[in-house]
Amino acid sequence: MNKERKIEINYINKAKEDKKFFGFLYEKYYREIFIFIFKKVQNENFSGDICSQTFMKAMLNIQKYEDRGFPFSSWLYRIASNEVNLFCREQKKDFTIEIEENNLFQLMEEVEEDKTEENQKKLLNEIEKLPLEQSQIIE
């Protein structure tokens, strides 16, 4: 276990005892969690609200966190993903996913389709029909 990971585990354990130690974890991960959320909802205000909810839930539930060898950030990403999904259901809005052209071609190769413009449109049309959770996997 590297030094940084040991420090993180130490702060997690301290935060379980006293919430003031959660500040270290918040400072360390806020930016990357915010960016993750922003890529999903593409609205700065909503992203800030969802990010706040994410860290609030993480802080309130830090007792439930178990170190299973994965970075603490993976737990935060799971909470953030759940919060984004909850937000989308509450808003009942359609959110678009971004697929770059070269990624679209790679996807078409994986499903063994010709890279014609017609097939590209068909693939994008079908992706748009997927539920949010499934489209996030493709993104």
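These are my notebook entries on a predicted protein model.

**Entry 1: ground rules**
I number residues from 1 along each chain as its sequence is written. Since the model is predicted, local features need pLDDT of at least 70 and side-chain atom pairs count only at pLDDT 80 or more, while totals for chains, interfaces and linings use all residues; side-chain values use heavy atoms, with hydrogens and water left out.

**Entry 2: the overall fold**
I looked up the elements and found 7 helices and 0 strands (helices are DSSP runs of H or I with at least four residues, strands are runs of E with at least two, numbered from the N terminus). Read from the N terminus, the order is α-α-α-α-α-α-α.
I then checked burial: 30% of the 139 residues count as buried (under 20% relative accessible area, with exposed over 50% and partly exposed in between, using a 1.4 Å probe and protein chains only).
The protein exposes about 9700 Å², with 48% of that area supplied by carbon and sulfur atoms (areas come from the Shrake-Rupley method with a 1.4 Å probe).

**Entry 3: the core**
Which residues touch the most other members of the largest nonpolar core? I found Phe22, Ile33, Ile37, Ile62, Phe72, Trp75 and Leu76, out of 24 residues in that core. (A nonpolar core is a set of buried Ala, Val, Leu, Ile, Met, Phe, Trp, Tyr and Cys residues joined through side-chain atoms within 4.5 Å.)
Helices α1 (3–17), α2 (22–41), α3 (44–60) and α4 (72–91) each give this core at least two residues. The largest share, 8 residues, comes from α4.
I also followed Trp75: beyond its neighbours within four places in sequence, Trp75 is in contact with Ala58, Asn61, Ile62 and Tyr65 (contact means heavy atoms within 4.5 Å).

**Entry 4: a closer look at α3**
Helix α3 has 17 residues and spans 24 Å from its first C-alpha to its last, close to the 24 Å expected at 1.5 Å a residue (the expected span is 1.5 Å times one less than the number of residues).
At the start of α3, I saw a side-chain oxygen of Asn43 within 3.0 Å of the backbone nitrogen of Asn45.
The buried residues of α3 are Ser47, Gly48, Ile50, Cys51, Thr54, Phe55 and Ala58. They pack against α2 and α4.

**Entry 5: Ser47**
Why does Ser47 count as buried? Ser47 counts as buried because its relative accessibility is 0%. Not counting residues up to four places away in sequence, Ser47 touches Phe34, Ile37, Phe38 and Val41.

Terms used: Polar contact = N/O pair within 3.5 Å; in protein donor to acceptor, adjacent residues only side chain to side chain.
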